[in-house]
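Dear colleague,

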Amino acid sequence: MRHLPLNLTRLMAASVAAIALIATPLSAAAQAAPTPEQMQATRAVTGELLKTLSGKLQASMKENGPAGSITVCQTIAPEIALGLADKTGWKITRVGTRVRNIDLGTPNVWQHKALGHLNADLKSGAKPETLEWSEVVTENGKPTLHYAKAIVLQTQCLACHGTAAQLAPGVAGKLKANYPQDQATGYAPGQLRGAVVISRPL
Ligand code: HEC
């Protein structure tokens, strides 16, 4: 007669513990997840950066040629990112799998991890246009979205990111002068060149 209630109590205690174990991570994750609107706004800023930069780069390539566009790239890319950072209050930058601008383009630990995920997804057939990776982390006690949108190399990038033979005339010399530690050549179309990365509070 004594055994039954004891076992029942234990069973109940075990069940409560099990439920608590399952419930804690779930509710924490649910709290920290970005809303669809927040994801959409983050993607929109990434899209704006890439579109604005691509427009300005193409215009300059037409007018000044690739070698004459190196400095445009150097000033305009960070300018666009800074402008969007000012507008949103978020951290926004571009990072590379192999880096040209070591000050702005070197990935931090999280960004390095994100590039690894993007590369793996790209290799298993993910579409470059929609390829992204994100994670919510707690920073200073607040949920922060880290987001990375893949930048995949296209044919028109080869003039400045291709093999030595593919670089446009004058580009190698300009790169050597402006980026003595440049690692960002030798890419082939379809390879992961880097990512636009955003850190923002939720
Ligand atoms: C006219 C030459 C030129 C062309 C064309 C060009 N880039 Fe670049 N790219 C640069 C320069 C210069 C930098 C360094 C910019 C800076 O100082 O922030 C750079 C930097 C980058 C970065 C930032 C990471 C890093 O290594 O510093 C990415 C990502 C990138 N380019 C991707 C591309 C892609 C994708 C294309 C084609 C759509 C492309 N680039 C076309 C010259 C070029």
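The notes below go from the conventions to the overall make-up and then to single elements and residues.

This is a predicted model, in which local features need pLDDT of at least 70 and side-chain atom pairs count only at pLDDT 80 or more, while totals for chains, interfaces and linings use all residues. Residues are numbered from 1 along each chain as its sequence is written, and side-chain values use heavy atoms, with hydrogens and water left out.

The protein chain has six helices and four strands, these being DSSP runs (H or I, at least four residues, for helices; E, at least two, for strands) numbered from the N terminus. Read from the N terminus on, the elements follow the order α-α-α-β-α-β-β-α-α-β. Of the 202 residues in the protein chain, 33% are buried, where buried means under 20% relative accessible area, exposed means over 50%, and partly exposed lies in between (1.4 Å probe, protein chains only). Among contacts (heavy atoms within 4.5 Å) between residues at least 6 apart in sequence, 68% join residues at least 24 apart.

The C-alpha atoms of Leu 57 and Ile 70 are separated by 9.3 Å, with the two residues 13 apart along the chain. Following α2 comes Gly 65, which has a positive phi, near 75°.

Helices α3 and α6 (residues 171–178) pack at an angle of about 45°, with their axes 10 Å apart; axes here are lines fitted to C-alpha atoms, for helices over the stretch in contact, and angles run from 0 to 180 degrees between N-to-C directions. That makes α3 oblique to α6, since angles under 35 degrees count as roughly parallel, over 145 as roughly antiparallel, 65 to 115 as roughly perpendicular and the rest as oblique. On the α3 side the contact is made by Ile 70, Thr 71 and Gln 74, and on the α6 side by Val 171, Lys 174, Leu 175 and Asn 178.

Which protein residue is the donor to the iron atom of the ligand? The single donor from the protein is His 161, through NE2, 2.1 Å away, and His 161 lies in helix α5 (residues 158–161). Donors are N, O and S atoms within 2.8 Å of the metal (3.2 Å for Na, K and Ca), and as water is not among the atoms, sites may look incomplete.

Two further residues may be worth a look. Gln 111, in helix α4 (residues 109–123), is buried, with a relative accessible area of 12%, and touches Thr 93, Val 95, Thr 106 and Val 197, not counting residues up to four places away in sequence. Asn 140, in the loop between β2 and β3, counts as exposed at 81% relative accessibility and has a positive phi of about 50° although Asn 140 is not a glycine. Most residues other than glycine have a negative phi.
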